[in-house]
Amino acid sequence: VPLFLLFTLVLSGCSSILGDDPSPLNPKGSVGEDQLFLIKLSLFVMTGVLVIVFVLFGYVVIRFRKRKNQTGVPKQTEGSHVLEIVWTVIPLVLLLILAVPMVTQTFALAKDYSESEEAEQVKVIGHQFWWEFQYPEHGIYTAQDLVIPVNTKIAFELTSADVIHSFWIPGLGGKMDTNPGMTNKFYLDAEEVGTYKGKCAELCGASHALMDFKVQVVTQEEYEAWVASMKEPSQAVNEQDALAQGQEIFKAKCMSCHAIDGTQPGVYPNLKGFADRELVAGIKENNAEWIRKWIDDPQSIKPGTLMPNVDLTDDELDALTEYLQSLKLE
Ligand code: CUA
């Protein structure tokens with residue numbers, strides 16, 4: 001019973017962390033639904049066994065308790081073929097009920113779509129402490145906001161640039177480790193347009209808990225438009241423009257690490273369309289205040305991040321923030 005209560009407590013923790021958002025218990029994709037079925041099936045079987053065992057236990061304890069004036073050893077029963085067959089067959093049947101769907105689903109969900117025409121290919125690279133997304137079919141690179149089309153299989157190829165991370169979108173299904181020097185594959189799909197939370201699910205350093213990302217599930221048309229605008233070269237700001245100062249600072253301090261063209265690979269987060277993203281650094285609301293704080297002192301927001309402190313005056317910070325907020329997709 002204490003174990004069961006603990007389990008309930010753990011599950012109730014999930015709902016408070018994930019809120020009303022899509023979660024493993026409220027999935028919005030076929031993979032997540034299949035996984036939820038397995039969760040429910042095993043919970044159902046386990047609960048059934050637990051209840052029956054405890055009811056029997058309670059009955060035996062009460063029915064055969066030591067009565068007043070009772071002495072000596074009670075009548076003993078030895079050997080019963082019927083009982084032995086019953087308690088061998090029942091667990092066997094229960095194991096089969098669990099094993100058949102588990103094994104079937106495991107193979108079905110492991111299907112490789114990486115060469116498939118019907119699937120969209122996305123490469124995921126885990127970094128301490130951010131996510132890189134590459135779209136090899138389109139030659140585009142982005143970070144932190146994963147954009148995918150609705151009702152399409154997304155074939156993920158996962159790897160890591162440093163330590164082991166784990167790529168998890170609780171509302172869609174998963175999860176899968178990203179390992180350095182290795183490529184793991186799996187697929188997901190989303191049946192509803194919307195924004196989903198993504199998390200790193202493997203302890204990977206000081207800011208593991210802050211290694212979040214967003215998943216934007218969009219319609220097929222929106223997705224095509226997004227791909228097209230990601231391919232558009234970023235327009236340089238005119239020297240007379242108010243944003244020129246910010247652009248200068250960006251070129252001097254940021255550009256050696258951060259690309260702003262979506263077709264350009266980079267070692268650090270690609271900032272094409274940065275202003276359209278929901279979050280700064282994957283965890284804070286994307287507004288001037290947080291952009292400023294992030295540039296001013298990244299360690300205070302994500303301990304252990306490789307983003308350096310850039311020495312800027314208040315005016316320069318404002319100018320750079322304004323420039324970053326202009327990085328919108330056409
Ligand atoms: Cu990356 Cu935990």
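Visitor: Is E192 buried, partly exposed or exposed in this predicted model?
Guide: The relative accessible area of E192 is 42%. Buried needs under 20%, and exposed needs over 50%. The value for E192 falls in between, so E192 is partly exposed.

Visitor: Which residue forms a salt bridge with E192?
Guide: The closest N and O atoms of the pair are 3.9 Å apart. A salt bridge requires a distance within 4 Å. The partner of E192 is K28.

Visitor: How many residues apart are E192 and K28?
Guide: E192 sits in the loop between β8 (184-188) and β9 (194-200). K28 sits in the loop between α1 (2-18) and α2 (30-63). The pair links distant parts of the chain, and the separation is 164 residues.

Visitor: Where does K214 lie, the residue that forms a salt bridge with E278?
Guide: The closest N and O atoms of E278 and K214 are 4.0 Å apart. E278 is in the loop between α5 (244-254) and β11 (279-280), 64 residues from K214. K214 lies in strand β10.

Visitor: Which helix holds R292, the salt-bridge partner of D314?
Guide: The side chains of D314 and R292 meet at 3.5 Å, N to O. D314 is in helix α8 (residues 314-325), 22 residues away in sequence, so the pair ties together two parts of the chain. R292 is in helix α6.

Visitor: Is D314 buried or exposed?
Guide: R292 is partly exposed, at 24% relative accessible area. D314 has 53%. Over 50% counts as exposed, so D314 is exposed.

Visitor: Which residue's backbone nitrogen does the side chain of S116 reach?
Guide: S116 lies in the loop between α3 (81-109) and β1 (119-127). S116 is buried, with a relative accessible area of 18%. Its side chain reaches, at 3.2 Å, the backbone nitrogen of E118.

Visitor: How far apart are the C-alpha centres of domain 1 and domain 2?
Guide: The domain assignment gives domain 1 as 2-65 + 79-109. Domain 2 is 244-325. Their C-alpha centres lie apart by 48 Å.

Note on methods. Residues numbered from 1 in each chain as written. Predicted model: local features only at pLDDT ≥ 70, side-chain atom pairs only at ≥ 80, totals over all residues. Heavy atoms only, no water. Domains from an automatic or database assignment. Helix = DSSP H or I, 4+ residues; strand = E, 2+ residues; numbered from the N terminus. Buried < 20%, exposed > 50% of the residue type's maximum accessible area, 1.4 Å probe, protein only. Polar contact = N/O pair within 3.5 Å; in protein donor to acceptor, adjacent residues only side chain to side chain.
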